[in-house]
Amino acid sequence: MKYIRKHKYDQGIATLAVVASVALIALLIVLGVSRRAVNDIQQTQARVKTEQSLSKAWAALDCAVAKIQHDGIELSNNDIAKALEQLSPCQNVAQSQLWLAPWQNSERGMWHLYATHAQQQVGVTLAKATGARRRSFVTSGSAAFYGGNTWRPVKGKKREDGLYECHSIMAGGDVMIRPRTPGENQSKSSESSKNEEEVSQNRFIVRLGGSDKCAPEYKTEVSEYTVADSRDETGARLKKDVQTNVENMDLFNDYFGVPRAQWETVKAKFKRQGGFVVNTQDDPSLCYETLLNAVASSKHRERANAKVWVDGPCDLSREGLKALPSEPPILLVVQDGIVALRGAIKPFKGVVYQFNTDNLNAREFAEQWGMTISESGGMSCSHDDSNIQELCEMITSTVTNPDQASRVPFWFHGSFITKGAFITDVPDGHSVVYGSFQPTYSDETVQQSFKGLKQWRPLGNSYHDIKPPYEEG
């Protein structure tokens, strides 16, 4: 009996031990779950706090970027405080702080703009407009080239075979190249330009200087009595150096760093930097006279470039005036106006940038040429300026389509030797060069011409945030 009682006692002790162990394990599990639940709550709270801080930092950064895009900003390594002062309306937005710092060892001189709140930081890289459409001639519309053309294109990538990918023309529309046959329509040009044309070669050629050569597939050559037109099968003669029907061209943004709708901010900066601004609505010849005055003023003040902003038509025909000097480089901006030349300019060192705003539709350029189009499609010309009158007659005799003739913003007839670039930012416009055209692209000249005017802008792929790791509770 004693054995039986002892056995039952031992079983009871064993059962109690098992129950106690299970209870302990259950308690440990409960404590573990409770601790994990507390950790989860703490991490959730940390995440909420982090996202709130990030949102507040983004609010300040978005405010600063919007102000830069609207008003621009001046940045100098020597005075960061002054740069931040320009962003004062956005400082302390959502209790966040703004900071600016130049990138170290950056060839483009980029800057880092960032905002902080608590431990969170968000930022973006600021860079100046680069003029990414690097070509001798750029237009957001279409273009036609008649006569003897010798082009010095942009020297692009060097290939393994030692040849270069060259770039001559970029157009948002079609391009037609037709070298003029000898003697064609020369009776209406000035005597000086006529002599130039008679000795010029009636072909379109592209070549680099020195021993450098363009790859065959990047070198358009069109001989006399031949046509290269992107609208038909002859377009096969246009090589890769000529790009046509390019979409989404935003040239103003490319060269000035702000959308074209914000052109007034660029013009205001233009004035602050001592650029010449002239209204030529009543007298297109004021354009060339103002160029001479701007160059003389820039030389006297030892400025890096001469800047002229023309509001209205621009007649570059010299009409007995002295030739433009080769220095300093010129930036000629023509707003809402035609650009015309009859005669010869050599050399022209700089950039011609032509654009239209909402105030002038491309089709309304016809009025500045003195062109009238009847309901039946008949075209006639009447203008007080003799140069523009003759150019209008050339337009109507060459561009027989009334719709296209009414959209010509840019017509050169004569001899034009340039070093720099041409940019015609007139969507749906039809630019025409008729004569001896020798454009030489120079990146150095383009950069000098735009010096001081290119706006800072955020690089789209450079936005970022910095999140510290969540702390374990």
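1. Aspartate 428 sits in the loop between β21 (410-425) and β22 (430-441); helices (H or I, at least four residues) and strands (E, at least two) are DSSP runs, numbered from the N terminus. Its phi is near 70°, a positive value in a residue other than glycine. Aspartate 428 is exposed, at 55% relative accessible area; exposed means over 50%, buried under 20%, and partly exposed in between (1.4 Å probe, protein chains only).

2. The model is predicted: local features need pLDDT of at least 70, side-chain atom pairs count only at pLDDT 80 or more, and totals for chains, interfaces and linings use all residues. Residues are numbered from 1 along each chain as its sequence is written, and side-chain values use heavy atoms, with hydrogens and water left out.

3. Alanine 118 also has a positive phi, about 55°, although it is not a glycine. Its place is the loop between β2 (111-117) and β3 (120-128). With 66% relative accessibility, alanine 118 counts as exposed.

4. Asparagine 149 belongs to strand β6 (residues 149-151) and is buried, with a relative accessible area of 1%. Its side chain makes a polar contact of 3.3 Å with the side chain of tryptophan 151. A polar contact is a pair of N or O atoms within 3.5 Å; within protein, one must be able to donate a hydrogen and the other to accept it, and residues adjacent in sequence count only if both atoms are side-chain atoms.

5. Helix α8 (residues 386-398) has 13 residues and spans 18 Å from its first C-alpha to its last, close to the 18 Å expected at 1.5 Å a residue; the expected span is 1.5 Å times one less than the number of residues. At its start, a side-chain oxygen of aspartate 385 comes to within 2.9 Å of the backbone nitrogen of asparagine 387. The buried residues of α8 include Ile388, Leu391, Cys392 and Ile395. An α-helix has 3.6 residues a turn, so residues three or four places apart point the same way.

6. The whole structure holds 3 cavities of 30 Å³ or more. A cavity is a set of points, on a 1 Å grid over the protein atoms alone, where a 1.4 Å probe fits but cannot get out; lining residues have an atom within 4 Å of a point. The largest cavity has about 50 Å³ of space, a volume being the space filled by probe spheres set on the points, which are joined across faces, edges and corners.

7. Among the residues lining the largest cavity are Phe276, Ser297, Arg303 and Lys307. Helix α6 gives the most to this lining, with 3 residues. The lining divides into 3 nonpolar, 6 polar and 2 charged residues; Ala, Val, Leu, Ile, Met, Phe, Trp, Tyr, Cys and Pro count as nonpolar, Asp, Glu, Lys and Arg as charged, and the others, Gly among them, as polar.

Definitions and conventions
On a 1 Å grid over the protein atoms alone, a cavity is a set of points where a 1.4 Å probe fits but cannot get out, and a pocket is an open set with protein on both sides within 12 Å along at least five of seven lines; lining residues have an atom within 4 Å of a point.
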